[in-house]
Amino acid sequence: MSRIVYVNGEYLPEEEAKISIFDRGFLMADAVYEVASVLDGKLLDYAGHEARLARSLGELEIPMPASPEEILEIHRQLVTRNGVEEGAVYMQVTRGAADRDFAWTADMTPSLVLFTQAKAIVASPMAQRGSKVISLDDLRWHRRDIKTTQLLYASMAKMQAKAAGADDAWLVEDGKITEGTSNNAWIVTKDGVLVTRQLSNDLLAGITRASLMRYAAEAQISVEERAFTVEEAKGAAEAFVTSASAFVMPVVEIDGVKLGAGSPGPVATRLREIYVEESRRTAI
Ligand code: PLP
């Protein structure tokens with residue numbers, strides 16, 4: 001079924017949407033993006049995604065393509081026009097089109113593209129069985145704090161995980177896990193403490209990660225922000241990942257080593273419930 005998408009000021013059927021072949025998003029991945037999930041036709045954690053978009057654009061010196069109010073309105077229009085009850089809104093901003101050159105000029109007009117994806121995210125089969133991950137070297141660039149569309153290594157790592165019979169990869173640098181291919185990595189120690197890597201240029205500051213840290217504090221669950229090794233993760237009581245599209249997803253196996261009983265643990269399961277409840281409550 002054809003969706004209505006948004007491209008540079010216009011709402012169009014997806015077949016009619018066009019972007020220049022000279023757009024630097026296409027030629028050089030000179031672009032940033034955000035994905036906000038939708039439940040009950042409302043946007044989750046929207047303020048966080050809005051703030052991170054502004055930060056990513058600022059780091060790359062790409063101007064904001066529209067006001068925050070206009071961008072929120074486009075999200076809402078697309079959710080309504082496409083009748084999305086559950087799913088996601090994808091938003092991408094590129095530096096815009098110019099004759100191909102590594103250097104850019106400051107007068108470029110950014111491109112703004114948004115589209116929706118309707119899909120079940122709460123009732124996820126993977127959340128029932130848990131995700132299996134393999135560890136792989138983190139060969140991405142060193143500005144992973146900027147949410148760019150340079151996702152080739154993440155895609156390759158995901159394909160390598162699938163070829164190995166797993167679902168996803170956890171990326172490792174200097175012996176410590178940075179994050180998953182498209183999510184933040186967490187472990188639960190035998191004492192019930194949540195551990196996730198501290199923020200830096202080495203990983204993306206996940207919006208779901210930030211929300212879950214708040215919810216954990218409210219539930220009196222301790223969180224340690226520090227890096228951890230693959231060995232520590234394999235010996236943990238539980239593990240999980242967080243992202244806008246997976247919420248809290250239990251991880252049950254790392255490099256073929258089962259965690260606990262090899263099924264989603266009680267802490268990850270409870271945190272998933274809390275995340276869904278709180279997100280629904282605060283959705284806009
Ligand atoms: N880390 C990476 C590399 C990601 O691509 C993502 C999401 O796409 C995340 C972490 C999680 O971020 P968020 O919770 O904002 O979706």
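Student: In which helix does Ser-56 lie?

Tutor: This is a predicted model, in which local features need pLDDT of at least 70 and side-chain atom pairs count only at pLDDT 80 or more, while totals for chains, interfaces and linings use all residues. Residues are numbered from 1 along each chain as its sequence is written, and side-chain values use heavy atoms, without hydrogens and water. Helices (H or I, at least four residues) and strands (E, at least two) are DSSP runs numbered from the N terminus. Ser-56 belongs to helix H2.

Student: Is Ser-56 buried or exposed?

Tutor: The classes are buried (under 20% relative accessible area), exposed (over 50%) and partly exposed in between, with a 1.4 Å probe and protein chains only. Ser-56 has a relative accessible area of 1%, so this residue is buried.

Student: How far apart in space are Ser-56 and Val-93, C-alpha to C-alpha?

Tutor: In sequence, Ser-56 and Val-93 are separated by 37 residues. In space, their C-alpha atoms are apart by 10.0 Å.

Student: How is the packing of helix H2 against helix H3 classified by angle?

Tutor: Helix H2 covers residues 46–60 and helix H3 residues 68–81; their axes are 12 Å apart, at an angle of about 125°. Axes are lines fitted to C-alpha atoms, for helices over the stretch in contact, and angles run from 0 to 180 degrees between N-to-C directions. Angles under 35 degrees count as roughly parallel, over 145 as roughly antiparallel, 65 to 115 as roughly perpendicular and the rest as oblique. The angle therefore makes H2, relative to H3, oblique.

Student: How many nonpolar residues are in the contact of H2 with H3?

Tutor: From H2 come Tyr-46, Glu-50 and Leu-53, which meet Pro-68, Ile-71, Leu-72 and His-75 of H3. Ala, Val, Leu, Ile, Met, Phe, Trp, Tyr, Cys and Pro count as nonpolar, Asp, Glu, Lys and Arg as charged, and the others, Gly among them, as polar. Beside one polar and one charged residue, the number of nonpolar residues is five.

Student: Which residues of H8 meet those of H6?

Tutor: The axes of H6 (residues 207–218) and H8 come within 10 Å and cross at roughly 100°, so the two helices are roughly perpendicular. By class, the contact has five nonpolar, four polar and one charged residues. Thr-208, Ser-211, Leu-212 and Tyr-215 of H6 face, in H8, Leu-271, Ile-274, Tyr-275, Glu-278, Ser-279 and Thr-282.

Student: The backbone oxygen of which residue is reached by the side chain of Ser-37?

Tutor: Ser-37 is placed in strand S3 (residues 31–39) and counts as buried at 2% relative accessibility. Beyond four places in sequence, its contacts include Lys-42, Gly-87, Ile-121 and Phe-247. At 2.6 Å, the side chain of Ser-37 reaches the backbone oxygen of Ala-244.

Student: What is the relative accessible area of Thr-196?

Tutor: Thr-196 is found in strand S11 (residues 194–196). Apart from neighbours within four places in sequence, its contacts include Trp-186, Arg-209 and Phe-228. Thr-196 is classed as buried because its relative accessible area is 1%.

Student: What is the phi of Glu-61?

Tutor: Glu-61 is found in the loop between H2 and H3, and this residue is exposed, with a relative accessible area of 60%. Its phi is positive although the residue is other than glycine, and the value is near 55°.

Student: What is the phi of Ala-29?

Tutor: Ala-29 is placed in the loop between helix H1 (24–28) and S3. Its relative accessible area of 22% makes this residue partly exposed. Ala-29 is not a glycine, yet its phi is positive, at about 50°.

Notes: Contact means heavy atoms within 4.5 Å. A polar contact is a pair of N or O atoms within 3.5 Å; within protein, one must be able to donate a hydrogen and the other to accept it, and residues adjacent in sequence count only if both atoms are side-chain atoms.
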